[in-house]
Amino acid sequence: MLERVITDILAKHVGEYVDGLEQDTLRIGLLKGDIRVQDLSLRRGALDALEIPLPFAICWGYVGALRIRVPWRQLRTMPIVVEIEQLYLLLKPKTTCSPEAAKKWVASEKASAIAGFE
């Protein structure tokens, strides 16, 4: 029962990045605050969800383990730690953009950074 609830929560927050979130890949030490999921595949569009214009895309990706440590007794003072183990990526370049488009993007990033300081 508890594994199903945790799986649903993980699917909601991590599901857009990975495939393979299932109860049989989930190990929970809930009282210790340790959640571990093994053997996940990265989705091809996982980097697109970051909303950062990257010059490459994922062809294939694998995560050996995703470990989440939740300090239940100190939630207000201690961080929740997410560790990724054995990350393998096969990347391919996206279609190249023109130098003018790259200059426009750099100029817009500079302008937004300067606006953030004002």
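Guide: Arg67 forms a salt bridge with Glu83, the closest N and O atoms being 4.0 Å apart, and the pair joins distant parts of the chain, with Arg67 in strand β4 and Glu83 in strand β5, 16 residues apart. This is a predicted model, in which local features need pLDDT of at least 70 and side-chain atom pairs count only at pLDDT 80 or more, while totals for chains, interfaces and linings use all residues. Residues are numbered from 1 along each chain as its sequence is written, and side-chain values use heavy atoms, with hydrogens and water left out.

Visitor: What makes the contact of Arg69 and Glu83 a salt bridge?

Guide: The term requires a side-chain nitrogen of Lys or Arg within 4 Å of a carboxyl oxygen of Asp or Glu; Arg69 and Glu83 meet at 2.3 Å, N to O, and therefore qualify.

Visitor: Why is Glu83 called partly exposed?

Guide: Buried means under 20% relative accessible area, exposed over 50%, and partly exposed in between (1.4 Å probe, protein chains only); Glu83 has 25% relative accessibility, so it counts as partly exposed. Arg69, with a relative accessible area of 33%, is likewise partly exposed.

Visitor: Which residues are linked in a network of salt bridges?

Guide: The network links Asp34, Arg67, Arg69 and Glu83, and within it the side chains of Arg67 and Asp34 meet at 2.9 Å, N to O.

Visitor: Why does Val82 count as exposed?

Guide: Val82, which lies in strand β5 (residues 81-93), has 51% relative accessibility and therefore counts as exposed.

Methods. Helix = DSSP H or I, 4+ residues; strand = E, 2+ residues; numbered from the N terminus.
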